[in-house]
Amino acid sequence: MSSVHSNEAPSTPTAHEVRSMVEREAPPAPTGVVVGAGGDPLIIGLPIFAVGSLALGMALIGVVPATALGAVVPIVLFGTGLYLGVVTVWAAMLAQTIVAGITGTFSGFWLSLGALLLGLQHNWYGVAADQVAGVEQLFFIAWGCLFLFLLIPCLRLPAVYPAVVALVVAACALAAAAAHTGDANLLKAAGYVILVFALLGFCAFVNVGLTAMGAKRPFPPLGRPPVG
């Protein structure tokens, strides 16, 4: 008669099995992506985006003179642009496609903005003084069009994210209009819009940070996706 009990020790789950169990049991994060054992790249992406936006917005509303706009280059180029690239790689390694797409797009924007500011200031591109406004107009129109199309998939994310992208489109439109007309008030208006989405970025960062620490109802809420 065979025994109903086995003397064999229970098998130890592999690391892959443990990670799979964690990902299955973890509740969906309110950031719009599923966060597993690899963490949430937005814990870096959101604050580094927000600080670059804050610096640019403050510069455009006149905190520094227009001739000193290059003061934001260290932040937007070597802070926001560079580290959003790092966040993009992190998100891609976790197969968070939409996060990688958004952060990669914004990384390109900030890096190219820094290159534009540096290049025009030092005349690296051989642009005549009377053509600078046209170059700036082209820059903001091109990026504004891209962000307009990026807004479409973002509508399925929590409301704060499409709100940020929509405000970025508005800021690009105002900056392009300012370059075209030479109206400093339009550029200042773009600065205020940038400050608004910088604030939204900081609020989203607080939510993601509290979520990472285990808060059940992190504040401020990110809002429901506009499109289900």
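Student: At what angle do helix H2 and helix H3 pack, and how far apart are their axes?

Tutor: Two packed helices are described by the angle between their axes and the distance between the axes. In this predicted model, helix H2 (residues 42-60) packs against helix H3 (residues 73-93) at about 160°, and the axes lie 9 Å apart. Angles over 145 degrees count as roughly antiparallel, so H2 is roughly antiparallel to H3.

Student: Is the crossing of H2 and H3 left-handed or right-handed?

Tutor: H2 and H3 cross in a left-handed manner.

Student: Which residues of H2 and H3 meet?

Tutor: From H2 come Ile43, Ile44, Gly45, Ile48, Phe49, Val51, Gly52 and Ala55. Their counterparts in H3 are Ile75, Val76, Gly79, Thr80, Tyr83, Leu84, Val87 and Trp90. Sorted by class, the contact of H2 with H3 holds 12 nonpolar residues, 4 polar ones and no charged ones.

Student: Where is Pro47, and what does Pro47 touch?

Tutor: Pro47 belongs to helix H2. Leaving aside residues up to four places away in sequence, Pro47 touches Leu42, Phe202 and Phe205. The C-alpha atom of Pro47 is 8.9 Å from that of Thr80, a residue 33 places away along the chain.

Student: Is Thr103 buried or exposed?

Tutor: Buried means under 20% relative accessible area. Thr103 has a value of 5%, so Thr103 is buried. Thr103 sits in helix H4 (residues 97-122).

Student: Which residues does Thr103 touch?

Tutor: Apart from residues up to four places away in sequence, Thr103 touches Leu84, Val87 and Thr88. Leu84 and Val87 are also among the H3 residues that meet H2.

Key:
Residues are numbered from 1 along each chain as its sequence is written. This is a predicted model: local features need pLDDT of at least 70, side-chain atom pairs count only at pLDDT 80 or more; totals for chains, interfaces and linings use all residues. Side-chain values use heavy atoms; hydrogens and water are left out. Axes are lines fitted to C-alpha atoms, for helices over the stretch in contact, and angles run from 0 to 180 degrees between N-to-C directions. Helices (H or I, at least four residues) and strands (E, at least two) are DSSP runs, numbered from the N terminus. Angles under 35 degrees count as roughly parallel, over 145 as roughly antiparallel, 65 to 115 as roughly perpendicular and the rest as oblique. A crossing is left-handed if the near helix is turned anticlockwise from the far one by less than a right angle, and right-handed if clockwise. Contact means heavy atoms within 4.5 Å. Ala, Val, Leu, Ile, Met, Phe, Trp, Tyr, Cys and Pro count as nonpolar, Asp, Glu, Lys and Arg as charged, and the others, Gly among them, as polar. Buried means under 20% relative accessible area, exposed over 50%, partly exposed in between (1.4 Å probe, protein chains only).
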